[in-house]
Amino acid sequence: MATNLIHSQKIVDIQPLRCYSEPVYKKYNTLKELLKSEISNDYYHLLLEPSISKESLKGNDEGLYFSHIYKNLKPLTSFSNSAQKELLKNLNIKIDKILELSQVLLESENKDSNKLGEFLKSSIEVPSLDYVYSDGKNVVLAFWGFKSITIEHRDFKLSSAVRGLENNVENDESIEKAKVPNTDKKSYKKLFFALFAILLSTLIAFLLYFFMDKNELKFEPSKVKIDEKSPLKEKIITNRIMLILKEKVEIEKFITKLKVEYPAIKLIESHKEFNTIECEIDEKKRIEIMESLKKLEEVAEVFSENIISNSYIPNDSGFGDSKKKWLFEAINTYQGWEITKGKKEVVIAIIDSSFDLTHPELRDKIVSPWNAGDNTARLSQNSNDFHGTHVASLAVGKIDNGLGTGGICPECSFMPIQLSQDGFKGFSTSALIRAFKYAVQNRADVINMSLGTAYGVNFSLLSLEQKKVIYQVFKKTHRANELLWKRMYRYARVNNIVVVTAAG
């Protein structure tokens, strides 16, 4: 079949999106057949065929995109306003249909369908509108499954941009009408009251945020105890529990129901992104309340809020010391640096205990710091906990400054997100959820979490038979944690974020 070259360029300021560690563009054949079979034949040629080599991924050669049927395609933005309007309507319809199909796949109980849904959702993303082509009737996408890493287009989303551009086109056609002054006094009054309402609501939101008691997000250290009934001896917050609702449950409606049926339960915080709710309860009735909540049809899991921890013994390092530079050689860091040392536009969020933001390896690299322990931008330094500083230095520490060694991605930016609250070593599940959501919503490219649940059992002292028993207990009691982590990872994947976690 004849092919027509539509778009070619070097891959320098763009990079491929990945799902499950695989570039989205490599799913070309699977995705186009899916669009054809599940939606219609009109979608079969929406995605141009990619030809991308290893050299083009390094920026040494051009990536190519072809069409098997269309000729004389040109950028959509080069068309007249009236033509753009019709083409954008067409593209809008297709994007909505694809997102609907993606959501169906994501909500399926089949894991393969879930993966396919994520690939499909990422496939309609392009680095900018310059990659949307048309012949005046049909619209196609070049470098689909890619994103821009430039500051100008880094936050570009095709679905949002298309709708915004369509609205602008409609407004352009109404310019002459807009020039006619409106002398209707009622219209002026309506406009005045609308603006007043907006200003008032903004002021109220501002006051609520800055004067609300954020301390209620913090837990009482005195309520942290070992769960003696658990073979794993986890640390839990005895007066706090976490509810995980089923996927399709509307969290606002459930919260209303919860307030009516369980007036003694205090709502601390909810997260629509994961359908989770953190509650404060009477610790003496913890088991009774949890069992009662588990019976509600909207609830998927209920669990006591855990304490998460990290551990670290600090030491100095240097590239001249074979004992301390081995990791750089083990993972071929020097060869990797010949390709890239990272870019300032790439943001690595480190979710950890606390940080020394004045450290010479980290200062001048910091963007959007946040304290998830109390939900403020104020980071506090715990002089007895060096773990966050250590982890951040491993990731983004400076090189060529004559100090220590350096990070694996020394040119990348660093988003510090603190978990710990003053006066307590360790942090809660809810703080971790807030931290994770903050990193995603503030456009981190990578999220690193070197942490894990705190257990009161020394597993190294157990016999093989004891470990088998513990393993079965773990599988049974940690389904809620597994469900929560799956939702968090999915939230990151659909936002094209890489998540790095400790192996345990």
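Student: Where is N275 found?
Tutor: This is a predicted model: local features need pLDDT of at least 70, side-chain atom pairs count only at pLDDT 80 or more, and totals for chains, interfaces and linings use all residues. Residues are numbered from 1 along each chain as its sequence is written, and side-chain values use heavy atoms, leaving out hydrogens and water. Helices (H or I, at least four residues) and strands (E, at least two) are DSSP runs, numbered from the N terminus. N275 is found in the loop between β13 (266–271) and β14 (276–280).

Student: What is the phi of N275?
Tutor: Most residues other than glycine have a negative phi. N275 is not a glycine, yet its phi is positive, at about 55 degrees.

Student: Is N275 buried or exposed?
Tutor: Buried means under 20% relative accessible area, exposed over 50%, and partly exposed in between (1.4 Å probe, protein chains only). N275 has a relative accessible area of 6%, so it is buried.

Student: What is the relative accessible area of S368?
Tutor: S368 is in the loop between β16 and β17. S368 also has a positive phi, about 50 degrees, without being a glycine. S368 is partly exposed, with a relative accessible area of 32%.

Student: Which residue of β18 is the bridge partner of D352?
Tutor: Two strands pair if DSSP finds at least two bridges between them. Strand β16 (residues 347–352) pairs with β18 in the parallel sense over six bridges. The bridge partner of D352 in β18 is Q418.

Student: Which residue of β18 is the bridge partner of W370?
Tutor: Strand β17 (residues 370–371) also pairs with β18 in the parallel sense, over two bridges. The bridge partner of W370 in β18 is I417.

Student: How many residues of β18 are buried?
Tutor: In a regular strand the side chains alternate between the two faces of the sheet. In β18, S413, M415 and I417 point one way, F414, P416 and Q418 the other way, and all are buried. The count for β18 (residues 413–418) is six of six.

Student: What is the volume of the largest pocket?
Tutor: On a 1 Å grid over the protein atoms alone, a pocket is an open set of points where a 1.4 Å probe fits, with protein on both sides within 12 Å along at least five of seven lines; lining residues have an atom within 4 Å of a point. Grid points are joined across faces, edges and corners, and a volume is the space filled by probe spheres set on the points. For the largest pocket it is about 1,400 Å³.

Student: Which element gives the largest share of the lining of the largest pocket?
Tutor: The largest pocket is lined by 38 residues. The largest share of that lining is four residues, from α11.
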